[in-house]
Amino acid sequence: MDCGTSMVKYILFIFNIIVSLLGILAIVYGVLILNSIGTIEVNGQVGFPPQAAMPIILIAIGSIVVFISFLGCCGAIRESVCMTMSYAVCLLILLILQLTIVVLLFTNRDKFDASMGEVIDQAWKSRESREGGVFDAIQKSLHCCGRTGPEDYLSTLSTLPASCCEGSCLNPMNIYGGCRGKFVQFMSGSTEKAKYFGIGLIAVELVGFIFACCLANNVRNYKRRNAY
């Protein structure tokens, strides 16, 4: 094996070690966010609130990145053309998917915000009672009150649910703002970070893809030369 191929091999190996560590960090970060968000209980069933979608996606992407990086490490260290090309193909597919998502997030910001608002609208429409159900759980999780504000309750009720306030609802300063605005703001901020994180990840994966193709090509040529 020539010096250039050996160098590419070890660069790819070290590169994938670093990427796998980044993937693990993404998983840990997602778990920490998920833990801070907590769970909600609706009718005896425990689950995650709507704002948990982003950290769950982050955990999933991190897991995929770790798996693909492991494949790349094995392919590089074993000089396996099959494993290295499999790694390159997986990386290319992941790269295309991420690029598509990032482009959609950049070009459909308003639609995304509107769809996130509709999540709260639907939850408000399907609420079971002011002291229970999905919406009450969302209020506890997001520290918010009503669809657009406490006025949504006061138009039909004389008092606010306990989940609408931090402490006593008799003090207007303790009453939270609307859930729709808070949820859209939370998801918008999360996607803003995700967009730039995705761009960085795409750039890193592109480098890995190029190195993987170079290594696979060099190893294949080396084996062909030795076959004669």
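Visitor: Why is D113 called buried?

Guide: The relative accessible area of D113 is 17%. Buried means under 20%, exposed over 50% and partly exposed in between, with a 1.4 Å probe and protein chains only, so D113 counts as buried. This is a predicted model, in which local features need pLDDT of at least 70, side-chain atom pairs count only at pLDDT 80 or more, and totals for chains, interfaces and linings use all residues. Residues are numbered from 1 along each chain as its sequence is written, and side-chain values use heavy atoms, leaving out hydrogens and water.

Visitor: Which residues does D113 touch, not counting those up to four places away in sequence?

Guide: D113 touches V184 and S188, where contact means heavy atoms within 4.5 Å.

Visitor: What makes a set of residues a nonpolar core?

Guide: The set must consist of buried Ala, Val, Leu, Ile, Met, Phe, Trp, Tyr and Cys residues joined through side-chain atoms within 4.5 Å. The largest such core here has 21 residues, and F135 and Y153 have the most contacts inside it. A second, separate core has 20 residues, among them L12 and L201.

Visitor: How is the lining of the largest pocket divided by class?

Guide: The lining has 24 nonpolar, six polar and two charged residues. Ala, Val, Leu, Ile, Met, Phe, Trp, Tyr, Cys and Pro count as nonpolar, Asp, Glu, Lys and Arg as charged, and the others, including Gly, as polar.
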